[in-house]
Amino acid sequence: MRHERELRLAGYERIAGIDEVGRGSLAGPVVAAAVILPERHRIKGLRDSKVVPRARREALYAQILDRAQSVGVGCVEVDVIDRINILQATKLAMTEALRRMPQQPDHLVIDALSLRDVDLPQRPIIDGDAISASIAAASIVAKVTRDRICTELDARYPAYGFARNKGYGTRHHVETLLNEGPCEWHRRSFAPLRLLLAGEQLSLDLLFDEEMPTEDELDPNDELAMEELVVAEAVLAEDLDEQELAAAG
């Protein structure tokens, strides 16, 4: 908690860590959490939620809710993501998480982002969920919250496998999209969905090649593999956007 210690020495007392989950998913909401931990929180094993096994993550989630000074969660749904774009939706979810905190912070530490519309001192930290306990705690709260939402979506739309893939582009998920089309929880503004809805099935097939993992190959507890999928999707989406702009001329 080096960053938190530095800020406490500077006179700040309620330092909130903020992080989000679901930014690169093809479906479902983006969820953010804000957490103020006490200086001696005694929660062992706080790390980036992507590298914490599911059972341990659930246990940490319960400890965070029990011992944190204040916790807030923000959730921005698919229709808003499609309307304002995922980056702005992420910031909106973070702002909502702050607004929902019973006790307001006097300083923010945020994973990689800054919130210009929030009138509080703040420190964006690259890879913050790996080096800040407050941000790691927020990551875990956001992750557990979103995973539970995806499990609920899976019960309503079992064909896509949301309980396992959390909305990310596994081979099974994409094959189901090709065969059945998107459901109401898919992000139609994301490049692969835009292509599919435009009838560009061949281009979408080329995007997701034979190296994409199947549901059986992808361990649902392997968050690092999930993160690699997110990065790959983001790169592909950027490439498609550039191609579309070039074609438009």
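A residue is taken as buried when its relative accessible area is under 20%, as exposed when that area is over 50%, and as partly exposed in between, with a 1.4 Å probe and protein chains only. The structure is a predicted model, in which local features need pLDDT of at least 70 and side-chain atom pairs count only at pLDDT 80 or more, whereas totals for chains, interfaces and linings use all residues. Residues are numbered from 1 along each chain as its sequence is written, and side-chain values use heavy atoms, with hydrogens and water left out.

By the accessibility criterion, Phe162 counts as buried because its relative accessibility is 1%, and Tyr160, at 5%, counts as buried too. A search of the whole structure returns 1 aromatic pair. The pair consists of Tyr160 and Phe162, whose ring centres lie 5.4 Å apart and whose planes meet at 15°, so the arrangement is stacked; rings of Phe, Tyr and Trp (its six-membered ring) pair if their centres lie within 6.5 Å, and planes under 30 degrees apart count as stacked, over 60 as edge-to-face and the rest as tilted.

Helices (H or I, at least four residues) and strands (E, at least two) are DSSP runs numbered from the N terminus, and two strands pair if DSSP finds at least two bridges between them. An open sheet of mixed pairing is formed by 5 strands in the order β3-β2-β1-β4-β5. Because β3 (70-76) and β5 (122-125) each have a single partner strand, they stand at the edges, and one side of each is left without a neighbour in the sheet. Strands β1 (residues 15-21) and β4 (residues 107-111) run parallel and are joined by 4 bridges, with Ile110 of β4 as the bridge partner of Ile18.

Helix α1 (residues 2-9) packs on this sheet, where contact means heavy atoms within 4.5 Å, and touches β1, β4 and β5, its direction making about 160° with that of β5. Angles run from 0 to 180 degrees between N-to-C directions, and axes are lines fitted to C-alpha atoms, for helices over the stretch in contact. Helix α6 lies across β1, β2 (30-36), β3, β4 and β5 and runs at about 40° to β1.

Helix α6 (residues 133-156) also packs against helix α2 (residues 54-67), at an angle of about 115° and with the axes 9 Å apart. Among the residues that make this contact are Tyr61 and Ile64 of α2 and Val141 and Val144 of α6.
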